[in-house]
Amino acid sequence: FGIKTGTPIWEAKKRCPELVCVLAHHSHYVEFHHRIIEEINHHLPVSAVCSIDEMACRLMRNESAPETAIGIAHAIKEGLARTIGPYVRCSIGLAPNRYLAKVATDMHKPDGLTLLQDADIPHRLLCLQLRDLPGIGHNMEKRLRMAGIGDMQGLLAQSPQQLRRIWGNTWGERMWHLLRGADLPEIETRRSTIGHSHVMAPELRPPSKARHVARRLTLKAASRLRRLEYCASIF
């Protein structure tokens, strides 16, 4: 039906009139999130938790042979089905660096397993659209097209300096190297904001009731600030 993450409810119902919408149960999501991490840790240490449903693992040298890595990937899939449930499927990407592993993961969904080796790069990326690459959204795609780059072949033909100029920062240059399999050190990020959000049910949208939701979200954000030993500033 073409319904993806971020599709508004009204549009989703228009595309699929029989769609059944249910309220979110965030506590259940968090519970399953931790159970999934625990299961993956039985096979490989989780080196980074990228989101509630995305984790990264680093293979040791004795685990990086294609046959061994694919065997570990299948063991993770079987472990999730056994301990979490057969309804939980995952896509796994194996690649020379974490960026390409994410690209590989997205190449075959759901329940995919994609291996990108050094010899596959970059020609196996030519079938992708620009928006298939993490870090290229609507605005970045527009900027690339203004620079005369409309497909992956055009992107890969650029030099590191050209991509840095188009992006306006070092990320363009990093992407040039990442797309060619370089395993660059991860950039250490620093948290500068803390926020909480809540999609309110229709009965909570009048201002008198929405105020209570806003108060609860503020208290949750303040609790996280204290737990992280951060302070807030007023501008």
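Modeller: Contact means that heavy atoms lie within 4.5 Å. By that rule Leu-179 touches Tyr-99, Leu-100, Ile-121, Pro-122, Leu-125, Leu-133, Leu-155 and Leu-156, leaving aside residues up to four places away in sequence.

Biologist: What kind of model is this, and how are residues numbered?

Modeller: This is a predicted model, in which local features need pLDDT of at least 70 and side-chain atom pairs count only at pLDDT 80 or more, while totals for chains, interfaces and linings use all residues. Residues are numbered from 1 along each chain as its sequence is written, and side-chain values use heavy atoms, with hydrogens and water left out.

Biologist: Why is Leu-179 called buried?

Modeller: Buried means under 20% relative accessible area, exposed means over 50%, and partly exposed is in between (1.4 Å probe, protein chains only). Leu-179 has 1%, so it counts as buried. Leu-179 sits in the loop between helix H8 (170-178) and helix H9 (207-227).

Biologist: What makes a stretch a helix or a strand?

Modeller: Both are DSSP runs, numbered from the N terminus: helices are H or I with at least four residues, strands are E with at least two. The chain has nine helices and four strands. Along the sequence they follow the pattern α-α-β-β-α-β-α-β-α-α-α-α-α. Of the 235 residues, 30% are buried.

Biologist: How do you know that the span of helix H2 agrees with its number of residues?

Modeller: The expected span is 1.5 Å times one less than the number of residues. H2 has 16 residues (26-41), so it should span 22 Å. Its end C-alpha atoms are 23 Å apart, which agrees.

Biologist: Which residues of H2 are buried, and how do you know that they line one face?

Modeller: They are His-33, Ile-36, Ile-37, Glu-39 and Ile-40. The arc is taken from the directions between the helix axis and the C-beta atoms. Down the axis of H2 the buried residues fall within 160 degrees, so they line one face of the helix. They pack against strand S1 (46-51), strand S2 (54-57) and helix H3 (66-83).

Biologist: Which residues of helix H7 are buried, and what puts them on the same side?

Modeller: In H7 (residues 160-167) they are Pro-160, Leu-163, Ile-166 and Trp-167. They cover an arc of only 125 degrees around the axis, which puts them on the same side of H7. On the other side, Gln-161 and Arg-165 are exposed. The buried residues pack against helix H5 (138-146), helix H6 (152-156) and H8. Just after H7, Gly-168 has a positive phi of about 85 degrees.

Biologist: What makes Glu-11 and Arg-15 a salt bridge?

Modeller: A salt bridge needs a side-chain nitrogen of Lys or Arg within 4 Å of a carboxyl oxygen of Asp or Glu. Glu-11 and Arg-15 meet at 3.0 Å, N to O, so the pair qualifies. They are four residues apart in helix H1, about one helical turn. Glu-11 is partly exposed at 22% relative accessibility. Arg-15 is partly exposed at 39%.

Biologist: Why is Glu-141 called buried, and what does its side chain meet?

Modeller: Glu-141 has 15% relative accessibility, so it falls under the 20% limit and is buried. Its side chain meets Arg-145 in a salt bridge at 3.2 Å, N to O. Arg-145 has 44%, so it is partly exposed.

Biologist: What makes Lys-102 and Asp-106 a salt bridge?

Modeller: Their N to O distance is 4.0 Å, so it is within the limit. Both residues lie in helix H4 (residues 98-107), four residues apart. Glu-54, Lys-102, Asp-106 and Lys-109 are linked in a network of salt bridges. The whole structure holds twelve salt bridges.

Biologist: Why is Ile-3 called partly exposed?

Modeller: Its relative accessible area is 36%, which lies between the 20% and 50% limits, so Ile-3 is partly exposed. Ile-3 is found in the segment before helix H1 (9-15). Phe-1, Ile-3 and Leu-19 make a nonpolar surface patch of about 300 Å². Patch residues have over 30% relative accessible area and no salt bridge; like charges are joined within 9 Å, and nonpolar side chains (Val, Leu, Ile, Met, Phe, Trp, Tyr) within 5 Å. Accessible areas come from the Shrake-Rupley method with a 1.4 Å probe; for residues, only the protein chains shown count as cover.
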